[in-house]
Amino acid sequence: MQDTLSKIVAHKRTEIAAAKARTPLAELRARLADAPPVRDFVAGLKTKNSVALIAEVKKASPSAGLIRADFDPVAIARTYEQGGANCLSVLTDEHFFQGHLDFLVAIRREVGIPVLRKDFILDAYQVLEARASGADAVLLIAECLPGQELADLHAAILDHGMTPLVELYDAENLDRVLALNPKLVGVNNRDLRTFVTDIAHAVRLHERVPSTIPFVAESGIRTAADVARLRAAGIDAMLVGESLMRQPDLAKAVGDLLSQ
Ligand SMILES: O=C(O)c1ccccc1NCC(=O)[C@H](O)[C@H](O)COP(=O)(O)O
């Protein structure tokens, strides 16, 4: 049976072809002039919180289904910022996460902190889309980008002045991620093929990443005790979506996580 990540990637390729037909490259390039200037995502992580927080705007997911029915992306983003989040992650995938590029555009306009485009990036066209929509950083998932594809997209993101957050799950991808001389590395605690999350996964791989590279633990982070565990391991930042989005009082939920 085809795993979920492969299904997402296959579907994404059809979406990219449709987007290219709808908005030709030249038109997209012209929109770059109207994009807001890039904010420094890595600098955004270097502030007050012991483990910096990248708070994710996430309506639904393949593993959880609908997470938050009462979903106003801009209001959520503002609350995250007011609560003390360092940076934001905005899911722009429509089919599997009920996200939208328009959410990124609107959120970036309304907040003062850097914003990551969280999607399945397979093509330089999407990097351009991200910048034209105001993104300051773009996620790259090593498991989706074999061979030279990872390095090419990494270079494209840097060329547009944005920060690539290079994510991996499989330990065997670590060497090729480190070979990029990355500005920011993330380890996903969720096996994107089975959906099982385990915080120990990021803690283990963090030991193999040079301390000069800011490190993000992603997924499955729910409690202050989880944050304490990341802090004890010396992990710089965490990316948290579902556990925040499930809370009725988002501001309190952010405060509780950051109280560690
Ligand atoms: O979240 C999923 O179900 C998922 C399934 C398949 C591919 C990716 C998926 N999630 C993307 C993420 O990495 C998370 O949105 C992010 O790290 C936040 O995780 P969480 O705090 O567990 O929502």
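Trainee: How many residues surround the ligand, and which are the closest?
Mentor: 19 residues surround the ligand. The closest are S61, S63, S219, G241 and E242. A residue is near a molecule if its C-beta atom, placed from the backbone, lies within 6 Å of it.

Trainee: Before we go on, what kind of model is this?
Mentor: This is a predicted model: local features need pLDDT of at least 70, side-chain atom pairs count only at pLDDT 80 or more, and totals for chains, interfaces and linings use all residues. Residues are numbered from 1 along each chain as its sequence is written.

Trainee: Which elements give two or more residues to the shell around the ligand?
Mentor: β10 (237-240) and α11 (242-245) do. Helices (H or I, at least four residues) and strands (E, at least two) are DSSP runs, numbered from the N terminus.

Trainee: How do the shell residues divide into nonpolar, polar and charged?
Mentor: Six are nonpolar, eight polar and five charged. Ala, Val, Leu, Ile, Met, Phe, Trp, Tyr, Cys and Pro count as nonpolar. Asp, Glu, Lys and Arg are charged, and the others, Gly among them, are polar.

Trainee: New topic. Which strands close into the barrel?
Mentor: Eight of them, in the order β1-β4-β5-β6-β7-β8-β9-β10, with parallel pairing. Neighbouring strands of this sheet are turned by 25° against each other on average, direction ignored. Two strands pair if DSSP finds at least two bridges between them.

Trainee: Is β1 mostly covered or exposed, and which way do its residues point?
Mentor: Mostly covered: six of its six residues are buried. Buried means 20 or more other C-beta atoms within 10 Å of the residue's own, with C-beta atoms placed from the backbone. A52, I54 and E56 point one way, and L53, A55 and V57 the other way. In a regular strand the side chains alternate between the two faces of the sheet.

Trainee: Now helix α9. Which residues are buried there?
Mentor: In α9 (residues 199-206), I199, H201, A202 and L205 are buried. Seen down the helix axis, they fall within an arc of 160° (taken from the directions from the axis to the C-beta atoms), so they line one face of α9.

Methods: Buried ≥ 20, exposed ≤ 12 C-beta atoms within 10 Å, placed from the backbone. Axes fitted to C-alpha atoms, helices over the stretch in contact; angles between N-to-C directions.
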